[in-house]
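Hello,

Here is the structure you asked to look at. Please open it beside this email and follow along.

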Amino acid sequence: MGVRSWIEGWPVYRQLTGTDPLGRGAAAKSDGSRALTARTDTADSVARSVCPYCAVGCGQRVFVKDGQVSQIEGDPDSPISRGRLCPKGAASKSLVTSPLRQTTVRYRRPYGTEWEDLDLDTAMNMIADRVLAARDETWEDVDAEGRPLNRTLGISSLGGATLDNEENYLIKKLFTAMGALQIENQARI
Amino acid sequence: MAEAHPVGFQWVMEAKRRGAKVFHVDPRFTRTSALADSYLPIRAGTDIALLGGVIRYILDNELDFREYVVAYTNAATIVTEEYADTEDMHGLFSGFNDDNATYDQASWRYEGHSQTQTTRDSETQRETAAGLENESHGAPVGGQTERDETLQHPRCVYQILKRHFARYTPEMVERVCGIPQDKFFELARAWTENSGRDRTGMLVYSVGWTQHSVGVQYIRTGAIIQLLLGNVGRPGGGVMALRGHASIQGSTDIPTLFNLLPGYLPMPHHANHPTLDKWVDSIAHPGQKGFWGNARTYGVNLLKAYWGDAATADNDYCYGYMPRMTGDHGTYQQVLDMIDGKIKGYFLLGQNPAVGSAHGRAQRLGMANLDWLVVRDLFEIESATFWKNAPEIETGEIAPEECRTEVFFLPAASHVEKEGTFTQTQRLLQWREKAVEPPGDARSELWFFYHLGRIIRERLATSTKPRDRALLDLAWDYPTHGPTVEPSAEAVLREINGYDVATGRPLASFTEMKDDGSTVGGCWIYTGVYADGVNQAARRKPGSEQSLVAPEWGWAWPANRRILYNRASADPDGNPWSERKRYVWWDADKSEWTGYDVPDFEKTKPPSYRPERDASGVAGIAGDDPFILQGDGKGWLYAPTGVLDGPMPTHYEPVESPVRNPLYEQQANPTRKVYTHPINTLNPSPPEPYSQVFPYVFTVSRLTEHHTAGGMSRTVSPLAELQPEMFVEVSPELAVERGLTHLGWAHLITARAAIEAKVLVTDRLTPLRVDDRIIHQVWLPYHFGFEGLVTGDSANDLFGISLDPNVLIQESKVGTCDVRSGRRPRGAELLALVVDYRRRSGDLSPHYPPQVTTDSADSGPDQEV
Ligand code: SF4
């Protein structure tokens, strides 16, 4: 290594002589960091998304590499958030890639003391059985004066407010057709 | 706002940089307070007293924006002679019915209006949270109104308002809220000085206002001030509800709520809505003015969207399939019914009531008494594992081998693993693209419900039972795609938007909907989101390339309008109030409304238009009536109907309060929803004895680093690291009084529970001088529970269940408690401690404070006048 390149390898020298007098950018960069590439540069695709936490609705860009989320950043185009995310929005990648996420169906039988495994199809069919049975056992055709009721009060539902509009729409539509009235949401709370 | 909506708060800072003055009112000094120009500490649960003080200040000094107030509000409207105010009735309005603790609203009506316009009795309205229906339109009023535009008539709304708030003096504000008078004057002056043609002020609130037994009236009080100061429908004005979840606005618009259907149509009631005509008329109120006159169209389009080809004019579009309400079927009623064994199955869809709902123990005991429970979530939240890890295991109230609830945990897809729209806090829909496939068995709710419906319909395919027709005739054929057979969210959005049945052409506006079955539309207020067959919610034109209004980013309901009632941003003649506040105006040359936003008015109705005397529907709205969804076209300073606890807000103490209401003999909201159930024990409050057993006020809110019940934050390592522990903030004075040490332990006790927390001694909390005594408040985050990376006792366990009568939201922003040093006892000793407190506070279990306290023995005159 020549003296010149040795001196130029010294950040203070670069800071005093270069275009970065505050030493917050190029001047402070080490060889190690210079060799790095941002995950956002190497992504295979980017999805335009929205933060799932509060209702400000900050824009997110979700970067994907090899079918996995590699980074989530604020969307600078958003007139709402102008690229910013708060600690929660900024932790979204940790949320969706969390090792604690449960990715298989779990089943606890009545009086059971531990979880058991169950496959998804079986679970769906068992749930359909139970919905139909509960509905039949608690069905009310008419009130005491013979006016229609068309309902079951044997089934309840409480949804969070991170559900999509399309999801809420189908939830309400199916439950209403089923006669299940006790459908509630975080919006009540 | 800086704590819970941090990125939104950047705009407050932007405004401050440009000269706006920022006031922050909160029981606790927060990051928002630190950045505000002025901070007002307040006793939790007393905001109406503070805001009422501001109203009095405005009216006494005639500081209202008079031109706006006369033209655009109902200030000049005259009210019937039968009306009697809280001034004369110890805190009750006329029409109070002792038998069921509700009001007959007839005496509140406008002069000359008939009594029959209160179409449902108030008790039914309370049971069915009917106030929620007014989110998209005003409560019904019909016919012409009598007005005195000099505002001198003793029974005009302006004068009634003045009398009603006369006792909300600065001294009274200080006595009730603990806010020193100089602080009060600073706020009142700044707010009123910032009003008029050139200036507007904005009011921002969150669940600190809604989660009260008088919550709706808190917001009404704010709205009255904003109307008096001309701050509604104008840029930089408004009453801004900061909602707390990504699509909680959407969850109300396309509701999964028991009493509503999409677009704020009411769920049918067995007695009031036996037929389609009765249902529609109860919404449209034939003869009423305003846009809601088209209710039949909205209703028929929804029924067509639900039942497709099966829905015809001959069968009233399958209206007969609809289930009917008979009363309160809300989430708290459900939980009590679970405890009583009346409910068999429960779905939890991304929701964690074991931590997030009031009275956590009731929630968990309810879940432990079901036949089956389906939990759909990203993580194994507390509501999925209550049967083995709940605090009730330790107390012996739940034993796994005795708990019969069958639990299905189904993993959910995250927000990047599915596509769809969220509606954020300003009614703006934003489409999310899908980034990756969900892992393993994880699926969207769209998938779950589509396939559950498919399976159920297959099971019933040969059924001949009449009850199964509604399922079999359901329009349920959504296109699917991909390896998981995911239904198309875009197809669902198109149905929500609506389309022409014959051609399939998506509707551009709800004005294109027909009431003859030739169009379909799942949620009329969202019509336009799929206009021209384009997903308008997916629009992403960069903000930097657009005006400040940014109309091409996403899509806002209704009709992509960003500020509601924006006709009010122009004066009665249609000209901007000022150049500075120009927004929407009448272009006389082109004879149309124009501006930076989509005008919230019929495009070609001139400002000079005056309706015929008996005109109804949209034709009944004059060219200078900006509030087009209200029956009289005016902003309501006084609500002649529709608000169940009174036409004007009144300060009532929280259901649990350490002080006697200094304003009236009536202590708490007399019309609040009360649940008498053995598990729902309440702490006594004055005028009852023993309230001193629970001498402190507690309130809860969010930390920046956590989200609600913690299911999406205590499970995420960076967030868990940032806020790892449950704590309670106490003032140095209270720490001395109760022997608490910083970073030591304390436990808090109510008639429901005792929970423990680490102690944070801080002057962010100030002891307040209230009614000549010192009131200590403590603050807790409500995010903690027993699962996740970081755990702690749940603050919501402390609350009982008392609800606002209009919308059935629980009072979970204020309660009373005792605070003791050290950790709480465990097991049976924990139960014994709570039982002992109940015994000491009157041995009343369960306990219900009286609804009406106007004749209580200890109360003298309300106030020396
Ligand atoms: S980044 Fe923060 S402020 Fe923005 S939406 Fe998410 S939680 Fe809300």
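**A glutamine and its partners**

The backbone nitrogen of A44(B) lies 2.9 Å from a polar atom in the side chain of Q777(B). Keep in mind that this is a predicted model.

Where does Q777(B) lie in chain B? Look in strand β28, which covers residues 777-781. Is Q777(B) buried or exposed? Q777(B) counts as buried because its relative accessibility is 3%, and the cut-off for buried is under 20%. Leave aside residues up to four places away in sequence, and Q777(B) touches P27(B), I42(B), R43(B), A44(B), V697(B), L765(B) and L768(B).

**The ligand**

Now find the ligand. It lies between chains A and B. Chain A residues around the ligand include C51(A), Y53(A), C54(A), G57(A) and C58(A). L85(A), C86(A), K88(A) and G89(A) also surround the ligand. From chain B come P6(B) and V7(B). By class, this shell has 8 nonpolar, 2 polar and 1 charged residues.

**The domains**

Chain A is assigned domain 1 (3-34), domain 2 (45-96) and domain 3 (106-188). The centres of domain 1 and domain 2 of chain A are 32 Å apart, taken over C-alpha atoms.

For chain B, the assignment gives domain 1 (248-321 + 487-537) and domain 2 (673-840). Taken over C-alpha atoms, 43 Å separate the centres of domain 1 and domain 2 of chain B.

Best wishes

Notes. Residues numbered from 1 in each chain as written. Chains lettered and ligands numbered in written order. Predicted model: local features only at pLDDT ≥ 70, side-chain atom pairs only at ≥ 80, totals over all residues. Heavy atoms only, no water. Domains from an automatic or database assignment. Near = heavy atom within 4 Å. Nonpolar A, V, L, I, M, F, W, Y, C, P; charged D, E, K, R; others polar. Helix = DSSP H or I, 4+ residues; strand = E, 2+ residues; numbered from the N terminus. Buried < 20%, exposed > 50% of the residue type's maximum accessible area, 1.4 Å probe, protein only. Polar contact = N/O pair within 3.5 Å; in protein donor to acceptor, adjacent residues only side chain to side chain. Contact = heavy atoms within 4.5 Å.
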